[in-house]
Amino acid sequence: MSLYSFVVDAAARTPDALAVHDLFTGLSYRELDARADEYLAALHGRGVRPGDRVLVWTDKTTEAVAIAQAVLRAGAIHVPVPRGNPRERVARIVADARPALIITDHGDHVRDTVSVHCEDLVKGVTRGSAAAHCPVRPADPAYILYTSGSTGTPKGVCLSHGNAIAFVDWACRELDLTASDRLANHASFGFDLSVFDLYGAFRAGASVHLIGETLAQAADPLVDFLLDRAITVWYSVPSALILMAEYGELLERGPGALRACVFAGEPFPLKQLKDLRRGWPGIRMLNWYGPTETNVCTSYEVTAADLDRTTAVPIGAPVAGDTVSLDDGEIVVGGPTVMLGYWGAPPQAGPYRTGDLGRYGPDGLLEYRGRVDNMAKVRGYRIEPAEVESALVTHEAVRDAVVLVVGTGLDARLHAFVVPETDTAPEHVELRRHCAGRLPAYMNIDASHTIGGFPLTRNGKVDRAALSGLVAQGADA
Amino acid sequence: MTDLDRATLLDQLLRYVKDELAGGVDPELITADSQLLELGVLDSVRTARLLAHIRSEYGTRIPPLYMTGEHFRTLETITDLILLLRSQTASI
C-alpha cells in the first residue's frame, strides 16, 4: 500500500470524475493519472532514483499535484516548498534536503543549484508514456515538510507512506468521505493540513479544490469560492474561518453545500466558535490536534452541547491508532502517524514529545494548555522566534534581536526588540525588507522596537514577559 | 463612475492605503509601485478591508479567480485589475 495508489485506484474506478481543480483548470482522475506518469517518465529521464529528494517550489496548481504523484511513483521523497518562500530560505532547505532535482513554475533560482521549470521537464516526454511505479513499503519516506526551526534554520519533518495512510484512513472514515465530496485545500502544500485535503480526497475518489496563497488571505473571495465550488468539506486554521466570518459574511452567506467543517493548528477562540456552531446547526465541526511531526493525533467533535461552555473546547481523544499521554504536563504521542524523524537527524525512537502542554478535563478529554518553549502560532502558522531572530541579526545595523508574539487570534502580531549596533536604530520598514528576503511573509515582523539591552530573568535568560509588558505599555512601534 | 481614469483611481487607492492600512509603516514609504506584501500593508485583515473598500467605493467585487499574487503585487497592479473588471462589467 502506497500513498500514490489512491490516485491510481480512483483513475481505474472513476476515470472521468474530477480529481483536482486549481483557480484556473481541473484534471479528472484519468488526466491526473496520465499527467503523473508523464512527469514520472521525465523524473526517470533526469536520473531520479528511489529515496532521492525532489524539491517542488511552486504555486498551488494541478501541475504541482501531478508532480507530487510522480515523485511518489518514483519511490522518491516529495519536498513541497510554498512559492512564497524567498530564495534565501529555499537555499537553506536545499542545503538540508540535498535534493536530486528542484522543480519550479517560475523564473526564480537558488544559486549554485540546478532547477528545472515544470514545462521544460515534460518537454520531449511522449504522451501516454508509462513507466513502472516503484514498489514502496509503509516505512519508506514519502515526503518532508519543512517547518520553522528553533536553531534558526528550517527543519524537515520526514513522514512515511504508512504515517500518512494511517492518518488519511482514519480521517476518511471519521468524515465518511465519498466520491461526491468536494474538499477545499486552504493550507499551503508545505503544511500538514494539506495531507488530508489532497490524500483524503484521492482515497475517496472525491475532488480537491486548491486555494492559492493570495486567495487564502482574502475573506470575501474565499466565501465566494466556498459557495461557487460547492465545497462539502472545509479544513483550515481557525483564523481563516474567523476572517471569513468577520469580513466575508461567512455565516450569513454560507454554508452552501458544506457538511463538515474541520479546524486545527491553533486554539479556536470560544466566542467565535460558538457563533459558528450556533449559525450552522446542521454541520459537523471537528477540532483536530497534532503537530506536523505526528499528523493529527487527537480529535474532538464540537456539538450543540458546547454552546453552554465557558472554557475552550478540548483537543479530544486519541485517533488513528495513536496513544497520547502526558509526561509532566507535556503531550507525548506514539503510534502509526508519528514521523520517521527529522531529515538528517537520527530516526525518531519511541513516542514523540510535542512541546505542547496538556491536561485532562473532567470528562477525561485532553485540553491544550500552551507551550513548554518559545514556539509561537500566528494565525495558525508555526513560527520559531529564533528563526526570525536569526534573520534580523544578519542585518548589519542589528547587534541582537528578540522576537515574540503579542496578542491572540487575528490580532496576533510579531514584535521584534532590536539592540542596534550604533546609536541609529534601523527603520522598521528596512528591517521588514531585510526579513522579506529571508523569510516567508507570515514570519515577517509586524512591529519593531529599539532597545538598549534586554531585561533578564533571575536565571540570566531574556525576560520575554517583561518585553511583552513593554508593548502593553505602548513602547515605540 | 464609468469614466474613472487610471491616474485618479490609483491616487485614490494610494491615499486610502496610506490613511487606513499603513499600520506601523511610515505612509511616506508607500508608493504606487511598492511591493505590498514586503511592506506588510496587505496582511489578511488589511486585504479584507481593502476589498471591502473597493467594493463600496467602486462597486467592484473581485472574484476568486483574480485573487493572485500577480494582481495584488502593487497598487498599480490592483488599479489595473479594478479597471479590467469594470470594463468587463460594462461590456456585458
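Me: How many residues does the contact take from chain B and from chain A?

Reply: In this predicted model, the contact takes 24 residues from chain B and 26 residues from chain A, where contact means heavy atoms within 4.5 Å. Local features need pLDDT of at least 70, side-chain atom pairs count only at pLDDT 80 or more, and totals for chains, interfaces and linings use all residues. Residues are numbered from 1 along each chain as its sequence is written, chains are lettered from A in the order in which they are written, and side-chain values use heavy atoms, with hydrogens and water left out.

Me: What area do chain B and chain A bury between them?

Reply: Chain B and chain A bury about 2100 Å², 62% of it on carbon and sulfur atoms, buried area being the accessible area (1.4 Å probe) that two parts lose on being put together, summed over both. On the side of chain B, B:Glu38, B:Ser44 and B:Pro64 supply 27% of the area buried against chain A, more than any other three residues.

Me: Why is the meeting of B:Arg55 and A:Asp220 called a salt bridge?

Reply: The term asks for a side-chain nitrogen of Lys or Arg within 4 Å of a carboxyl oxygen of Asp or Glu, and the side chains of B:Arg55 and A:Asp220 meet at 2.7 Å, N to O, so the pair qualifies. Between chain B and chain A the count is three salt bridges.

Me: Which helix gives the most to the side of chain B that touches chain A?

Reply: Helix H3 (44-58) of chain B is one of the elements that give two or more residues to that side, helices being DSSP runs (H or I, at least four residues) numbered from the N terminus. H3(B) gives the most, with seven residues.

Me: What makes A:Glu293 and A:Arg382 a salt bridge?

Reply: Their closest N and O atoms are 2.8 Å apart, which is within the limit, and therefore the pair counts. Chain A is divided into domain 1 (5-371) and domain 2 (376-472), with bounds from an automatic or database domain assignment, and across the interface of these two domains the rule finds two salt bridges.

Me: Why is the pair of A:Tyr199 and A:Phe202 called edge-to-face?

Reply: A search of the whole structure finds 13 aromatic pairs over all chains. Rings of Phe, Tyr and Trp (its six-membered ring) pair if their centres lie within 6.5 Å, and planes under 30 degrees apart count as stacked, over 60 as edge-to-face and the rest as tilted. The rings of A:Tyr199 and A:Phe202 have their centres 6.1 Å apart and their planes at 90°, so the pair is edge-to-face.
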